[in-house]
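Open the model in your viewer and keep the sequence panel beside it. This tour goes stop by stop: what to select, and what is there.

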Amino acid sequence: MRPDNFLLAQTFWSLSANALPNPTPIQGDAQGIDPRGLSTPTSIPDVLRLSELYGAPENNFGCESKRNPVVMLHGLSADREVDLNMLQWELNRRGYCTFSQTYGAWDLVPWIGGLRPMADSAKDIAAFIRKVKDSTGAEKVDIVGHSEGGVQAVYVPMTRAGISDIVEHVVALGPAIHGAKYLGFTDLWYIGGDVTRNLATVVQNLLGCPACDDMMTGGAVYNDFKNADKIVQPGNKVTVIMSTSDILVSPDVSRIDEQGATNVVIQDTCPDDHVGHAGLMWDKSVWRLIVNALEENHDPVYDCEKGLTL
């Protein structure tokens, strides 16, 4: 399946929840919902599962590398098998030990992550970072996150005790640090046909998206960033990678103007690349900047390309 065709189905994961202008969590315990009472299946659609672009490397906690192990954090409504999974394979080929998990999923639909309250997900991510450090014996861990995962890459070291001490590099792709705006993406609920339309209905009407509320202007995470004495913690090296063509999370919403943070605009290195928010995950222009941030150099490890504009 070509990447542009696969994106039609995968976009449900990386962007569909952004269509919620006023997401409201369900009342009570979402874990108690019986899937037999639903008119649509909640298992992963074959159109996604059978694609050659689906699937992440297994977490090998015995992996050894001269570089810091890298924890990969997927975006809103994605999971470890999509979003940054292709980059994860590539970093493995470059000699990195990489690790990922799905966070923030309701039990009913475990392959759609990033929906639960972000503070809850932050606890899970922090525990996973500690597990990676302890299992590999590494002194420090690096984090790469996309979209909500980029927000969490910055948020977890800021809010979870002891995490900033064991993290060195943080690379955030298109993070909504200063308030997300969920406008203009309603049509993406339906772009994958009945499969994604029905699943989107389940997510919107039954499960809700507390994480969407958290990142919106005035939300809990937005306020945590706004009220923080410092977003970037001492000893952390944060790189925020942004695209001027990102119509979902614009650079002014992503950038962090503090000591320890480097704001990188893709078009400053690759001016003809008009990659959009979803396209950040697959774009080798972006991968180049990620590797540069992790290795603290400016080597042209990949040629510039023209990424997907979605």
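Select Glu90 and show its surroundings. Apart from neighbours within four places in sequence, Glu90 is in contact with Trp287 and Tyr302 (contact means heavy atoms within 4.5 Å). Glu90 sits in helix H3, residues 85-93. Helices (H or I, at least four residues) and strands (E, at least two) are DSSP runs, numbered from the N terminus. Glu90 counts as buried because its relative accessibility is 12%; buried means under 20% relative accessible area, exposed over 50% and partly exposed in between, with a 1.4 Å probe and protein chains only.

Some ground rules before the next stop. This is a predicted model, in which local features need pLDDT of at least 70, side-chain atom pairs count only at pLDDT 80 or more, and totals for chains, interfaces and linings use all residues. Residues are numbered from 1 along each chain as its sequence is written, and side-chain values use heavy atoms, with hydrogens and water left out.

Next, select Asp83. Asp83 lies in the loop between strand S1 (70-73) and H3. Check its backbone: phi is positive, about 80°, although Asp83 is not a glycine. Asp83 is buried, at a relative accessible area of 1%.

Move on to Ser147. Ser147 is in the loop between strand S3 (141-146) and helix H5 (148-159). With 8% relative accessible area, Ser147 is buried.

Now go to the largest pocket. Select Val264, Asn292, Ala293, Asn297 and His298: of the 15 lining residues, these lie nearest the pocket's centre. The volume of the largest pocket is about 330 Å³. On a 1 Å grid over the protein atoms alone, a pocket is an open set of points where a 1.4 Å probe fits, with protein on both sides within 12 Å along at least five of seven lines; lining residues have an atom within 4 Å of a point. Grid points are joined across faces, edges and corners, and a volume is the space filled by probe spheres set on the points.

Which elements each supply at least two residues of the lining? Colour strand S5 (237-242), strand S6 (261-265) and helix H12 (284-295). H12 gives the most, with 4 residues. By class, the lining has 4 nonpolar, 8 polar and 3 charged residues. Ala, Val, Leu, Ile, Met, Phe, Trp, Tyr, Cys and Pro count as nonpolar, Asp, Glu, Lys and Arg as charged, and the others, Gly among them, as polar.

Stay on Ala293, in helix H12. Ala293 is buried, with 11% relative accessible area. Not counting residues up to four places away in sequence, Ala293 touches His169, Val171 and Thr239.

Zoom out. The protein has 12 helices and 6 strands. Of its 310 residues, 57% count as buried.

Last, colour by pLDDT, the predictor's confidence in each residue, from 0 to 100. The average is 82, and 75% of the residues score at least 70. Select residues 1-41: pLDDT stays under 50 there, and the model has 111 contacts for this stretch beyond four places in sequence. Then select residues 183-193, where pLDDT is below 50 and the model has 23 contacts beyond near neighbours in sequence. Where pLDDT is low, predicted coordinates should not be read in detail.
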